[in-house]
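Please examine the sequence and the structure shown below. The paragraphs that follow lead through selected residues, helices and ring pairs in turn.

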Amino acid sequence: MSVDQLNLGLGFRKHYRIVPATTGALRDEGYRIRHEVYCEELGFEPERPDRLESDKYDAHSLHCLISSAADPGVSAGCTRIVLVNPADPHAPLPFERITAGTLDRSLLDPAKLQRRRIAEVSRLAVRSLYRRRKGEGHRAVTLSDEDYGTGTQPRFPYISIGLYLAAVSMAARNGIDTLFVLTEPRLAAHFRKLGVDIRQIGDPVEHRGLRVPSVMDVQAIIRDLRHLLRPIWTAVNEDLEQGYAQAAPDEELVA
């Protein structure tokens with residue numbers, strides 16, 4: 001049986017749940033995952049006494065976790081989308097600062113877009129227990145041909161795909177048209193294989209390894225998502241909607 005013959009939505013539901021981080025406690029759980037991955041394992045950021053990795057962008061970001069379906073208290077990974085600063089919409093997003101000299105603004109200039117309708121996928125991290133293969137310990141998130149198994153033993157990279165689809169879902173829910181991401185070239189290539197239109201908009205830059213600035217059209221992704229991914233998309237959306245519905249009115253950062 002091949003991967004495309006499986007009901008990936010049922011497979012996702014069997015193992016994982018997407019949890020919107022609508023409370024301080026849930027956001028702290030994401031910060032702990034980020035500290036484990038970015039500070040303790042990879043050394044990308046300095047370790048902190050409270051073991052919470054956070055920055056100035058978190059205050060105007062939307063956060064989510066992916067947790068174990070069997071034990072919702074066990075989180076496997078996290079991500080966020082960084083919105084523009086409502087107090088200063090023209091302040092650069094993180095990738096804009098990093099790629100200021102390498103963006104090809106003839107392809108797309110983020111500074112000229114309607115700023116409140118753009119965001120950046122950022123700080124995607126998966127705990128080592130869920131991502132580590134031989135030679136992969138130096139990456140915060142991985143995606144390769146091995147993740148899809150073989151014809152006789154198919155599997156699917158639920159965590160990575162689930163977190164990226166959650167980012168797209170959060171963006172759509174909050175009126176975001178355009179998502180930017182600074183990612184490894186091979187990760188972008190794998191998303192293109194899955195039918196996700198991710199377009200490079202500048203030269204690679206050295207930032208914790210080679211990274212390429214890329215852009216995704218939120219509605220185009222939703223419209224053109226391959227049939228293979230539709231069941232996971234549905235599961236992710238249902239999880240997010242349920243989580244937001246259960247949140248107190250003042251807990252959700254953006255309505």
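In this predicted model, Ser68 is found in strand E2, which covers residues 61-68. With a relative accessibility of 17%, Ser68 counts as buried, because the cut-off for that class is under 20%. Its side chain has a polar atom that lies 3.2 Å from the backbone nitrogen of Ala70. A polar atom of the Ser68 side chain also lies 3.1 Å from the backbone nitrogen of Asp71. When residues up to four places away in sequence are not counted, Ser68 touches His15 and Val74.

The side chain of Glu96 reaches the backbone nitrogen of Leu93 at 2.7 Å. Is Glu96 buried or exposed? Its relative accessibility is 9%, so Glu96 counts as buried. Apart from neighbours within four places in sequence, Glu96 is in contact with Ala91, Pro110, Ala111 and Arg115.

The chain as a whole may now be considered. It has 8 helices and 8 strands. Of its 255 residues, 53% are buried. The accessible surface comes to about 11,800 Å², and carbon and sulfur atoms account for 51% of this surface. Among contacts between residues at least 6 apart in sequence, 70% join residues at least 24 apart.

The confidence of the prediction should be kept in mind when the model is read. The mean pLDDT of the chain is 86, and 85% of the residues reach 70 or more. Over residues 142-155, however, the pLDDT is below 50; this stretch has 40 contacts in the model beyond near neighbours in sequence. The pLDDT also stays under 50 over residues 133-137, for which the model has 10 contacts beyond four places in sequence.

Pro157 lies in the loop between helix H4 (128-131) and helix H5. The relative accessible area of Pro157 is 7%, and Pro157 is therefore buried. Pro157 and Arg131 are 26 residues apart in sequence, while their C-alpha atoms are 9.4 Å apart in space.

Helix H5 itself has 16 residues, which should span 22 Å at 1.5 Å a residue; the end C-alpha atoms are 21 Å apart, in agreement with that expectation. H5 is mostly covered, with 14 of its 16 residues buried. After H5 comes Gly175, whose phi is positive, near 75 degrees.

Helix H8 comprises residues 230-246; its 17 residues reach 24 Å from the first C-alpha to the last, close to the 24 Å expected at 1.5 Å a residue. Which residues of H8 are buried? They are Ile232, Trp233, Ala235, Val236, Asn237, Asp239, Leu240, Gly243 and Tyr244. The cover over the buried residues of H8 includes helix H1 (8-15), strand E1 (16-20), helix H5 (158-173) and helix H7 (218-224).

The aromatic residues complete this account. A pair of aromatic rings is described by the distance of the centres and the angle of the planes. The structure holds 5 aromatic pairs. One of them is formed by Tyr16 and Tyr158, a tilted pair with 6.4 Å from centre to centre and 55 degrees between the planes. Because Tyr16 lies in strand E1 and Tyr158 in helix H5, this pair ties together parts that are 142 residues apart in sequence. Tyr16, at 15% relative accessibility, counts as buried, and Tyr158, with a relative accessible area of 12%, is buried as well. Another of the pairs joins Tyr38 and Phe44, which is likewise tilted, with 6.1 Å from centre to centre and 50 degrees between the planes. Here Tyr38 is buried, with a relative accessible area of 7%, whereas Phe44 is partly exposed, with a relative accessible area of 24%. Phe12, Tyr16 and Tyr158 form one aromatic cluster.

Technical notes:
Residues numbered from 1 in each chain as written. Predicted model: local features only at pLDDT ≥ 70, side-chain atom pairs only at ≥ 80, totals over all residues. Heavy atoms only, no water. Buried < 20%, exposed > 50% of the residue type's maximum accessible area, 1.4 Å probe, protein only. Polar contact = N/O pair within 3.5 Å; in protein donor to acceptor, adjacent residues only side chain to side chain. Contact = heavy atoms within 4.5 Å. Helix = DSSP H or I, 4+ residues; strand = E, 2+ residues; numbered from the N terminus. Areas by Shrake-Rupley, 256 points an atom, 1.4 Å probe, with all protein chains shown as cover. Expected span 1.5 Å × (residues − 1). pLDDT = per-residue confidence, 0-100. Phe/Tyr/Trp six-rings, centres within 6.5 Å; stacked < 30°, edge-to-face > 60°.
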